[in-house]
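Reader: I have a structure to go through and I'm new to this. Can we take it step by step?
Author: Fine. Here it is.

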Amino acid sequence: MKLKLPASLGSQYLVLLATIVIGAVVLGISSGGNFFGPVSMQTFFQFLAVPILIGLAQMITLAVGQLNLAIGAIGGVSACLAAVMVADWGFNPWLGALVCLVVGAVAGLANGILVVVTKINGFIVTLATMTVLLGVQYALVNTRTISADNWKPVAALGKASVLGLPAIFVIAIVVAVLVGLAFKYTTTGRHLLASGDNEHAATLAGISNDRSLTIAHGASGLIAGFAGFVSFASLPGVNQSVGGDWLLSSFAAPIIGGVSLTGGTVAVFGTVLAAFVVRLVDSARAEFQLAPAWVNLVIGAVILGTVALGRLRENRESTKAGMLRARVATHRINAPHMAETAAKEASL
Amino acid sequence: MSNETSPAGAAKRRQGIDFKRYLTSPQFFLVLIIVVLVGIIGSAKPNAFNGAFVIAPLLTSVAIFTIVGLAQMMVLSIGQMNIAVGNMAAFGAMFTGLAFDLWKMPFIAGLLVGLVAGALIGALTGWIIAKTGVNSFIVTLAMSFALLGLIPTVYTTLSPGSAFTAKPEGMEFLGRGTFLDVCMAGYCGPAAIPVMVVPVLLVVLLVGGLYSKTKLGREILLTGANIKAAELSAIPTNKRVVLVHAISGALAAFAGILLATSTGSFTPAIGNEFMLQSFLGPILGGTLLAGGYISVTGTFLGITLALLIRRGLELFGAGIEMLNVFLGLILLVALSAERIRTVRRRKPAELPSETPPDQPADRQALSSGATA
């Protein structure tokens, strides 16, 4: 059993990796090699940062068995507030960047505290905060687009590259590694997983579920704020549409990556790989000049397929386990019976 | 609409308690807030309740959104959710528009085409949930995005202006007519009440009757309350899940079509605002997210309250951003109040436990698809 689990996880990563390689090759051939050109690759990785970050943000709430519908709104508000502060109120651009993270963390903590204090389902709480934040975002920027020229030093970071890769992509990967390490090696990370897997068992083990929920929502908000910062740094301008289309891809990455919706599991590597797949679909859409609506359709279908397949596999395994149990049970029933007949025969 | 049945004698003995319970019910609370709000708006803006120009549009939107709320309430009653409610509305309306514009169908036939399309897409969603056992949130989210991709594509390929504008006989009457147009024996009705109220009332009564009077309705509620118990009671839970999603799809489509008839054209934007409202109504009205308990009157009152607040804010000149902020805050405050109320009511009955009482239920709501 111990050997089997990593193997099955490994196979899922292999499928994802194969999908990415095949998808990249197909895109490369159909674009006549342009896809692998330096400019195209730069944009590919640059716009990969946000899917990775929002996937991670959602993954953390899923790990404790919650949802966060407000990720897009948190990212949007943080980017817009930073833009307004820098452009209208004359703050230092780097302070604006910091504000993104602070807003994200505060909004996430507010979600967590609301969930814990009111005991309302996380879905409804984040639906409500999402609506509130969308209103705030609209109030901040209205219909205008604030140009990135106002924060040139930060925008320079958005265009900078480290070892041939965009700096913001590297930042996203660093965040992913940190999240992975936190779940693997810190007590808090293990507590989150324990709460998500079985909260009664977690309570009995002396873990505070309330603390886990608050931390998970706070961390989710902080990473959503990071995604807001990435948008702030890399987009040519910030307006009220920032974060508007994050909802589906935030769920797509962790679910395709193998995170269970019922809590208790994380898959950082899987989430990052799945974010690659999501980004590839988007690139393919641009390459074949399809309507943006098609991305929604394809990703919606892929999510359904992944979850249904995982469910089927689970069913098959539980049937197999049931058959094994049945065989053991019949063996146990038959064994004394056989001993009895043997004794009878002996006495005769 | 209360769903408690009890022997007549016991009911009589408990009448005093029932009356008290009625006074503390969310429905009574909602009526109270609505009355107070109407009073405030009426006294601050005396001309706010001009029949034909304010009341009639308000009633029209209450009628439409009550159906949207019921579409969500159906799915909540089995402990699941329908994120795609707005997209299903757009899907049904798209077929009605197609029927009018391309197939030149009469009004009633086109309406039926739309309802059937809504029911089919709902049934497909329910079938996927029942067959795969995947969480309803994810299935309907994926479905919502699939439809979000499909619907504008169909509109742009089949109509020149991305909208179906054909108006068969009867559409104007249902969508924009008021009782002023209904004259009998030389007397015409008030201009404040739109014609749309009649079919909507009929549907509300049908849904209420389904839950309170029929065996099927009780089976649906039991499926939502405890799916394992329902299965052990020989209820075909998978069929009930499919049926509930089909009805939800049909109701959503009906709401979409009503909205289209009231605005006069079928566009891909129909249903954009349905999702939040669809949750607001039932939840304010006391329907449980975990399933097993519904309230049709509560849904209607919740929707009325949300729309009244909306209209009130508009009258006082609040912008669209403030509307969103307020709606979200109302949802939170109302739910917290509701939570305090239930906790207080439960206290004498059960010992305070370490774990919050609703957590297993929430968990069940999320994973009930998985146990199917």
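Reader: How many helices and strands are there in chain B?
Author: Chain B has 16 helices and 2 strands. Both kinds of element are DSSP runs numbered from the N terminus, with H or I over at least four residues for helices and E over at least two for strands. Before going on: this is a predicted model, where local features need pLDDT of at least 70, side-chain atom pairs count only at pLDDT 80 or more, and totals for chains, interfaces and linings use all residues. Residues are numbered from 1 along each chain as its sequence is written, while chains are lettered from A and ligands numbered from 1 in the order in which they are written.

Reader: And how many helices and strands in chain A?
Author: Chain A has 14 helices and 4 strands. Its C-alpha atoms fill a box of roughly 105 × 55 × 35 Å along the principal axes.

Reader: What share of chain A is buried?
Author: Of its 348 residues, 51% are buried. In chain B, buried residues are 48% of the 372. A residue is buried if 20 or more other C-beta atoms lie within 10 Å of its own, exposed if 12 or fewer, and partly exposed in between, with the C-beta atoms placed from the backbone.

Reader: What is the pLDDT of chain B on average?
Author: The average is 80, and 80% of the residues score at least 70. pLDDT is the predictor's confidence in each residue, from 0 to 100.

Reader: What about the complex, what ipTM and pTM does the predictor give?
Author: An ipTM of 0.71 and a pTM of 0.78.

Reader: How many residues of chain A are in contact with chain B?
Author: 38 residues of chain A are in contact with 45 residues of chain B. On the chain A side, the elements giving two or more residues are α5 (93–118), α6, α10 (199–204), α12 (246–256) and α14 (293–347). The largest share, 12 residues, comes from α14(A).

Reader: How does that side divide by class?
Author: The side of chain A that touches chain B has 24 nonpolar, 11 polar and 3 charged residues. Ala, Val, Leu, Ile, Met, Phe, Trp, Tyr, Cys and Pro count as nonpolar, Asp, Glu, Lys and Arg as charged, and the others, Gly among them, as polar.

Reader: Back inside chain A. How do the axes of α4(A) and α6(A) cross?
Author: The axes of helix α4(A), residues 71–87, and helix α6(A), residues 122–141, come within 9 Å and cross at roughly 25°. Axes are lines fitted to C-alpha atoms, for helices over the stretch in contact, and angles run from 0 to 180 degrees between N-to-C directions. The crossing angle makes α4(A) roughly parallel to α6(A). Angles under 35 degrees count as roughly parallel, over 145 as roughly antiparallel, 65 to 115 as roughly perpendicular and the rest as oblique.

Reader: Which residues make the contact?
Author: Among them are Ala73(A), Val77(A) and Leu81(A) of α4(A), and Met130(A), Leu133(A) and Gln137(A) of α6(A). The residues of this contact divide into 12 nonpolar, 2 polar and no charged.

Key: Contact = placed C-beta atoms within 7 Å.
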